Each structure stands twice: as C-alpha cells, then as structure tokens.
Amino acid sequence: MEYSEKVMDHFMNPRNIGEIEDASGVGLVGNAKCGDIMKVYLQIEDGIIKDAKFRTFGCGAAVATSSMATELVKGKNIQEALQVTNKAVMEALDGLPPVKVHCSCLAEEALHAALWDYAKKNNIVIEGLKEPVQDIDELHHHQ
C-alpha cells in the first residue's frame, strides 16, 4: 500500500493531538468495522474555529486524516469548516489508498459531529449541517 509523503508526515508527526478542556464542540465518531475511533474537539469564538484537537484510535491513515482535518479547519469560520470534506482532506494529503478512503470520511464526520455539538449547546442552526452518525459504516450503507 502506497502512502504519500504527506500522509506519512501527518502519521509520524501528527498535528493537534490532545484535548481541549471546555471545548465549544466535541464530536466522537467510530467505524465499528475497522475499529477506528476519532474524537474531535473544537474551540469556537465569534464563529471562528480558534483551535482544533483530536484523539484518534486507529490506523496510520486515520491519524493522518484527523491531523490534516484539524489543520484545515483552524482559523476558518463555521461555513468554511463545512467545506472541509473527506475529498478536501484527501487532496490535502495528496491522496489515500482506496481501502483507506473511509478514514477521511471518518475525519469529516467527526468534524461535523463536533460542529453539531457546538450548535446544540448554543441553540443555533448551522446551515447545511446534518445530524451526525455514530458509526460511519451506517452512513455508507445509506448511500
């Protein structure tokens, strides 16, 4: 399986690992089939994502995608953060092997779950944000 240099870099030196105490939003998503679990913490002030951290239990690609996803949303507003799709994450990493594409979906879902949590806590509606799923395997069966 070929990984790009960027994937290897984010796997070996992941950015933003850790937790944010009193995070504005926390998203936890798993994939029961491959056992990956991803938790994303967002610090949001005035509608801007000031900080993003993650804890991921999973393969190297899962770690790399969460690292890249948190990098991509920092400094963005909520609507811009919604544009950080699994495709955007994969492109930023110069691609993923086909069997690892689900890892980038996990990163996107965890991010959206954290935004959903933030919206719920603040009684706001985020345009274009759908209720997250707990297990991304369900997601792919629906598509």
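1. Let me start with Arg-15, which is partly exposed at 25% relative accessibility (buried means under 20% relative accessible area, exposed over 50%, and partly exposed in between, with a 1.4 Å probe and protein chains only). Its salt-bridge partner is Asp-9, with the closest N and O atoms 2.7 Å apart; a salt bridge here is a side-chain nitrogen of Lys or Arg within 4 Å of a carboxyl oxygen of Asp or Glu. Asp-9 is partly exposed too, with a relative accessible area of 30%.

2. A word on the basis of these notes. This is a predicted model, in which local features need pLDDT of at least 70 and side-chain atom pairs count only at pLDDT 80 or more, while totals for chains, interfaces and linings use all residues. Residues are numbered from 1 along each chain as its sequence is written, and side-chain values use heavy atoms, with hydrogens and water left out.

3. Back to the charges: the structure holds 7 salt bridges. One of them joins Asp-51 to Lys-53, where the closest N and O atoms are 3.8 Å apart. Asp-51 is partly exposed, with a relative accessible area of 22%, and Lys-53 is partly exposed with a relative accessible area of 22%. Glu-71 and Lys-74 meet in another, at 3.9 Å from N to O. Salt bridges that share partners tie Asp-51, Lys-53, Glu-71 and Lys-74 into one network. Glu-71 is partly exposed at 33% relative accessibility, and Lys-74 is partly exposed with a relative accessible area of 30%.

4. Now the strands. β1 (residues 25-31) and β2 (residues 36-45) pair in the antiparallel sense over 7 bridges. Strands are DSSP runs of E with at least two residues, helices are runs of H or I with at least four, and both are numbered from the N terminus; two strands pair if DSSP finds at least two bridges between them. Gly-25 stands opposite Leu-42 in β2. The two strands form a hairpin with 4 residues between them, and Gly-35 in the turn has a positive phi of about 80°.

5. β2 also pairs with β3 (residues 48-57) in the antiparallel sense, over 9 bridges. Glu-45 has Ile-48 in β3 as its bridge partner. Here the hairpin has 2 residues between its strands, and the turn residue Asp-46 takes a positive phi of about 50°.

6. Of the 21 residues in α5, 16 are buried, so the helix is largely enclosed by the rest of the structure.

7. Which residues have the most contacts inside the largest nonpolar core? They are Val-40, Leu-42, Ile-44, Ile-49, Val-73, Leu-115 and Ile-126, in a core of 39 residues. A nonpolar core is a set of buried Ala, Val, Leu, Ile, Met, Phe, Trp, Tyr and Cys residues joined through side-chain atoms within 4.5 Å. At least two residues of this core come from each of β2, β3, α2 (60-73), α3 (78-82), α4 (86-92) and α5. The biggest contribution is that of α5, with 11 residues. In soluble globular proteins, nonpolar side chains tend to be buried together.

8. Two contact lists are worth a look, where contact means heavy atoms within 4.5 Å. Leaving aside neighbours within four places in sequence, Leu-115 is in contact with Leu-42, Ile-44, Ile-49, Ile-78, Ala-81, Leu-82, Ile-126 and Leu-129. Ser-104 is found in helix α5 and is buried, with a relative accessible area of 0%. Not counting residues up to four places away in sequence, Ser-104 touches Thr-65, Asn-86, Val-89, Met-90 and Leu-96.

9. Finally, the cysteines. How many disulfides does a search of the whole structure find? The search finds 0 disulfides, a disulfide being a pair of cysteine sulfur atoms within 2.5 Å. Cys-59 is in none, and the nearest cysteine sulfur, that of Cys-103, is 3.7 Å away. Cys-59 counts as partly exposed at 21% relative accessibility, whereas Cys-103 counts as buried at 0%.
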